[in-house]
Amino acid sequence: MRLRNLIVLTVIVPLFLILVVFSLVAIHSLEDNVRSKLQTEVQIITHAIGTSLGYALARDSPESLEESLHSAFSFHRIYGAYVFDVAGQEVYGLGLGRELFAPEEIRAVVEEGELTGTYRQHDGWTYYSALMPLATPNGEVRGVLQVNRLNTGIENYTGFLTLVAGAVFLVGSAGIVFGIWWGFRRHIERPLNRLLEVMARVESGDRQQRAEPRGPDEYRRLAVALNGMLDAMAEKDADIEARRLNEIALEKQLRKSHKLAELGVLAAGVAHEIGAPLTVINGQAQRLARRETIGDDERARLTRIRGEVERIVEIVRQLMELGRRHNVEKEWTVLDDLVQAAQALVEEDLEQRGIALETALPRPSPRLLANGQQLVQVITNLLRNAAQAEGTRRVRLSAESRGEQLRLRLEDDGDGIRERDKPQVFDPFFTTKPVGQGSGLGLSMVHRIINDHGGTITVFDSELGGAGFLVTLPLEDSLADDRSVTPANEPPIQGRQP
């Protein structure tokens with residue numbers, strides 16, 4: 001049953017049965033209480049949206065500011081909502097009553113730092129306005145919120161009703177007061193207090209609090225509107241946080257891409273400049289090693305020189321591969337074939353170190369659209385990295401399909417990776433191996449290949465006790481065509497004696 005019907009049945013009809021004149025007193029008392037409660041409601045609404053507006057001003061978020069102001073109009077008889085800066089200038093506003101207050105009055109509210117409410121007239125209309133300073137979470141006042149409620153007909157005649165009420169018979173006052181009190185308390189005050197309690201809890205910081213939609217239809221609708229506003233605020237906060245995290249991830253990825261691009265340009269220049277000298281050094285060392293007049297010790301030293309030259313050439317070649325954008329030619333391939341090919345390449349290294357390789361692959365084996373040779377290189381590098389870790393005796397390779405993605409996990413029982421080193425494991429030249437035993441480019445190459453395929457790779461602590469790597473790849477092509485462009489005319493690396 002609607003609220004107006006309840007008021008008629010429980011208040012107006014009984015009062016008219018007592019005496020028609022007593023109804024005037026009932027109207028006056030009812031209007032006075034409604035006015036008081038609606039003023040309190042406006043102030044509470046102002047407090048409710050003021051919290052979110054304070055966060056919006058702190059984040060300088062126009063979208064959140066607009067969303068919070070729009071939410072004010074979901075409440076009963078709210079006709080205007082405006083946000084002013086500390087100088088009294090309008091920042092954003094909606095509805096009626098923009099010119100109710102002068103800038104100096106707005107500044108006075110900022111100086112007082114307290115919520116105030118007053119009645120104002122403008123263009124023949126009477127408004128009740130609440131002004132509240134908007135403070136950021138750290139307590140800094142950044143503006144003022146103005147919420148306007150427009151008085152309707154019966155409220156504009158409150159003074160007239162008061163004069164009429166003074167003429168009523170005193171003998172009927174007790175019955176009228178009791179009837180108004182009982183009807184208001186039962187059908188208005190109790191439901192409103194439940195809503196006010198929810199708003200107070202939300203204001204105190206309990207964002208999970210929700211109103212129970214019960215009572216008259218109007219209060220049910222108000223509770224649903226309040227819950228909708230709180231849900232929208234929570235969803236907006238979650239969306240802002242997700243966007244912030246996504247922007248951080250994109251920024252990191254962009255910095256890494258710029259770093260690799262600059263590295264590729266540097267490597268190309270280095271390769272061009274040192275290619276010829278390396279070729280001469282390698283060739284001369286080879287010719288000296290062929291002479292019969294030198295001893296075995298000198299020949300061994302020359303062989304080491306040639307080996308180090310080849311190592312320099314290979315490092316520069318890896319740098320160029322790491323920095324250039326690659327043409328990823330993809331075809332449908334089976335995961336089992338990739339794992340078997342990589343296992344064959346590292347089988348001898350694993351046997352020499354006495355390392356057991358365990359595989360747990362899904363059946364049937366998933367098919368994915370990728371460059372098989374590059375993915376074999378990824379798996380091979382990860383297996384060798386695990387085999388070369390100190391204390392490794394067991395390596396486990398597992399995979400699973402989740403929706404449109406393939407998740408590949410490689411773990412070992414070695415010493416693992418220190419927490420402070422995890423953010424750097426994919427950086428070029430970062431290695432924990434002794435000098436001369438690693439270039440620090442293997443995992444960087446793995447990261448580049450996975451990125452070219454539209455996937456991700458992360459490092460974690462394995463339950464085996466060592467390090468773990470999680471590779472996520474799309475089962476189908478998800479990259480734009482422009483990522484398949486390979487820069488032309490890059491200088492080749494010289495340094496190998498034909």
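Where is Gly454 found?

1. **Gly454.** This is a predicted model. Gly454 sits in the loop that connects α12 (442-452) and β11 (456-461). The residue is partly exposed, at a relative accessible area of 32%. That value lies in between the limits of under 20% for buried and over 50% for exposed. In sequence, Gly454 and Glu476 are 22 residues apart. In space, their C-alpha atoms are 9.8 Å apart.

2. **Ala389.** A loop also holds Ala389, between α11 (372-387) and β9 (394-402). Ala389 is partly exposed, with a relative accessible area of 26%. Ala389 and Ile417 are 28 residues apart in sequence. From C-alpha to C-alpha, the pair is 9.3 Å apart.

3. **The five-stranded sheet.** Five strands make up an open sheet. Their order is β2-β1-β5-β4-β3, and the pairing is antiparallel. β2 (90-95) and β3 (116-122) are the edge strands, and each pairs on one side only. On average, neighbouring strands of this sheet are turned by 20° against each other, direction ignored.

4. **The β4-β5 pairing.** How many bridges join β4 to β5? There are nine, between residues 125-135 of β4 and residues 141-150 of β5. The two strands run antiparallel. Pro133 has Val144, in β5, as its bridge partner.

5. **Helices on the sheet.** Helix α3 (residues 62-72) lies across β1 (78-85), β2 and β5. Its direction is at about 30° to β2. Helix α4 (residues 103-112) lies across β1, β3, β4 and β5. α4 runs at about 120° to β5.

6. **The buried face of α4.** Which residues of α4 are buried? They are Ile106, Val109 and Val110. Seen down the axis of α4, the buried residues fall within an arc of 100°, so they line one face of the helix.

7. Gly113 comes just after the helix and takes a positive phi of about 75°.

Definitions and conventions. Residues numbered from 1 in each chain as written. Predicted model: local features only at pLDDT ≥ 70, side-chain atom pairs only at ≥ 80, totals over all residues. Heavy atoms only, no water. Pairing = 2+ DSSP bridges. Helix = DSSP H or I, 4+ residues; strand = E, 2+ residues; numbered from the N terminus. Axes fitted to C-alpha atoms, helices over the stretch in contact; angles between N-to-C directions. Contact = heavy atoms within 4.5 Å. Buried < 20%, exposed > 50% of the residue type's maximum accessible area, 1.4 Å probe, protein only. Arc of directions from axis to C-beta.
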